Number of protein chains: 2
Amino acid sequence: MTDLDKIIAQRKSVRDYKDIPVEVEKIKQILEAARLAPSACNKQPWIFVVANTPKAKEEVMKFGLGEMMVSNEWAASAPVIIVVCSKKEFITHSLAEKLQGVEYHLIDIGIACQNLVLKATELGLGTCYIGWFNAKAIKKVLDLPLSYKVECLIALGYPKENNQNQTSRKSMDEISLWK
Amino acid sequence: MTDLDKIIAQRKSVRDYKDIPVEVEKIKQILEAARLAPSACNKQPWIFVVANTPKAKEEVMKFGLGEMMVSNEWAASAPVIIVVCSKKEFITHSLAEKLQGVEYHLIDIGIACQNLVLKATELGLGTCYIGWFNAKAIKKVLDLPLSYKVECLIALGYPKENNQNQTSRKSMDEISLWK
């Protein structure tokens with residue numbers, strides 16, 4: 001197995017974190033991996049909002065994740081929440097979407113987030129994608145510009161040792177087809 | 001720089017390929033990286049259709065990429081086209097989309113594709129995401145089930161040595177915000 005194979009295999013959704021902060025230098029390395037990601041027409045339609053001060057993190061937790069249908073309480077233990085936003089451009093995104101029927105900027109967001117998550121894994125950090133949140137409340141408490149749309153959140157921190165969240169995967173035959 | 005840093009930095013959109021096939025074993029390794037990717041509610045809403053026979057590749061090229069507004073003629077040199085399809089589920093995808101306003105399955109597709117692309121890069125292969133295509137024609141020539149939706153294509157092959165497509169990236173300040 002190569003280092004990349006190991007990182008891809010090791011990445012698990014971590015929902016229980018140690019009560020220690022993440023070094024700013026490491027967060028910067030993680031963002032750098034995302035920054036280099038490819039995107040449709042190289043538009044890089046992403047903004048990564050790092051909520052790593054206790055105040056910002058707690059407000060995102062309280063107002064953005066607190067009262068959802070799906071419980072996100074575990075996220076309170078994460079020292080950092082990365083709020084992943086998109087900023088769409090008319091021709092590449094809105095117009096292309098209409099013509100092709102695919103919201104490319106979301107594929108781009110996934111691509112960049114995965115670079116970020118893999119780099120975090122390499123640095124010994126745990127992550128978890130969060131898809132249920134109150135986007136309006138998060139924009140308000142973080143005072144984000146109107147043009148930003150919150151697309152997903154990523155919890156970040158040092159995982160507790162006992163964190164061995166294992167999930168199954170479909171077989172290769174179920175996810176591939178040769179022509 | 002770690003191996004992962006190098007792979008992330010080395011990955012470029014390759015639009016000119018050598019006229020040699022890609023080993024099936026390597027394609028399988030690439031698909032394995034995608035297979036292990038995380039997804040919303042672990043739904044793994046992806047199917048990777050590998051067009052690697054000359055007939056399939058040429059038909060995708062001719063009918064799926066031939067007459068688009070944006071020129072994709074360069075793709076004719078790629079020995080393999082991976083047709084990335086989604087298969088949505090009602091609760092996780094259609095219902096969640098309505099409630100949250102985010103098409104999660106597209107973020108998932110981006111995540112899995114990036115695992116795939118990084119693994120290809122590690123194996124010395126070139127890739128290029130393709131967003132403009134005739135989805136209906138591709139489904140027809142590859143005889144894909146009605147439930148599949150073509151979301152993007154990935155060209156795959158050995159890059160010509162002179163392939164040094166360099167694209168710029170926004171600065172860190174432009175893509176990040178600390179709170």
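Okay, let's start where the chains meet: between chain B and chain A, the count is two salt bridges. Before I go on, keep in mind that this is a predicted model.

So what is a salt bridge about? Side chains of opposite charge can pair when their charged atoms come close. Here's one of them: D5(B) forms a salt bridge with K119(A), and the closest N and O atoms are 2.8 Å apart. Now look at K119(B) and D5(A): their side chains meet in a salt bridge too, at 2.7 Å from N to O. K119(B) sits in helix 5 of chain B, while D5(A) belongs to helix 1, residues 3-10, of chain A, so this pair joins two chains. If you search the whole structure, you get twelve salt bridges over all chains.

Let's stay with the interface. How many residues of chain B are in contact with chain A? It's 73, and they touch 73 residues of chain A. The size of an interface is often given as the accessible area lost when the parts come together. Between chain B and chain A, about 6,200 Å² is buried, and carbon and sulfur atoms give 62% of that. There are polar contacts as well: 36 residue pairs across the interface of chain B and chain A, with both residues at pLDDT 80 or more.

Which parts of chain B supply the side that touches chain A? Several elements give at least two residues each, among them helix 1 (3-10), helix 2 (24-35), helix 4 (90-100) and strand 5 (176-178). Helix 5 of chain B gives the most, with eleven residues. By class, that side of chain B has 41 nonpolar, 15 polar and 17 charged residues.

One open sheet has five strands in the order 5(A)-1(B)-2(B)-4(B)-3(B), with mixed pairing. The edges are strand 5 (176-178) of chain A and strand 3 (126-130) of chain B, each of which pairs on one side only. From one strand to the next, the twist averages 20 degrees.

Strand 5 of chain A pairs with strand 1 of chain B in the parallel sense, over three bridges. You can find L177(A) standing opposite V49(B) there. Next, strand 1 of chain B (residues 46-51) pairs with strand 2 of chain B (residues 80-86), this time in the antiparallel sense and over six bridges. Helix 3 of chain B, residues 54-65, lies across strands 1, 2, 3 and 4 of chain B, and runs at about 65 degrees to strand 2 of chain B.

Then there's another open sheet of five strands, in the order 3(A)-4(A)-2(A)-1(A)-5(B), again with mixed pairing. Its edge strands are strand 3 (126-130) of chain A and strand 5 of chain B. In this sheet, strand 3 and strand 4 (residues 149-157) of chain A pair in the antiparallel sense over five bridges, and C128(A) stands opposite A155(A) in strand 4 of chain A. Helix 3 of chain A (residues 54-65) lies across strands 1, 2, 3 and 4 of chain A, running at about 65 degrees to strand 2 of chain A.

Conventions:
Residues are numbered from 1 along each chain as its sequence is written. Chains are lettered from A and ligands numbered from 1 in the order in which they are written. This is a predicted model: local features need pLDDT of at least 70, side-chain atom pairs count only at pLDDT 80 or more; totals for chains, interfaces and linings use all residues. Side-chain values use heavy atoms; hydrogens and water are left out. Two strands pair if DSSP finds at least two bridges between them. Helices (H or I, at least four residues) and strands (E, at least two) are DSSP runs, numbered from the N terminus. Axes are lines fitted to C-alpha atoms, for helices over the stretch in contact, and angles run from 0 to 180 degrees between N-to-C directions. Contact means heavy atoms within 4.5 Å. Buried area is the accessible area (1.4 Å probe) that two parts lose on being put together, summed over both. A salt bridge is a side-chain nitrogen of Lys or Arg within 4 Å of a carboxyl oxygen of Asp or Glu. A polar contact is a pair of N or O atoms within 3.5 Å; within protein, one must be able to donate a hydrogen and the other to accept it, and residues adjacent in sequence count only if both atoms are side-chain atoms. Ala, Val, Leu, Ile, Met, Phe, Trp, Tyr, Cys and Pro count as nonpolar, Asp, Glu, Lys and Arg as charged, and the others, Gly among them, as polar.
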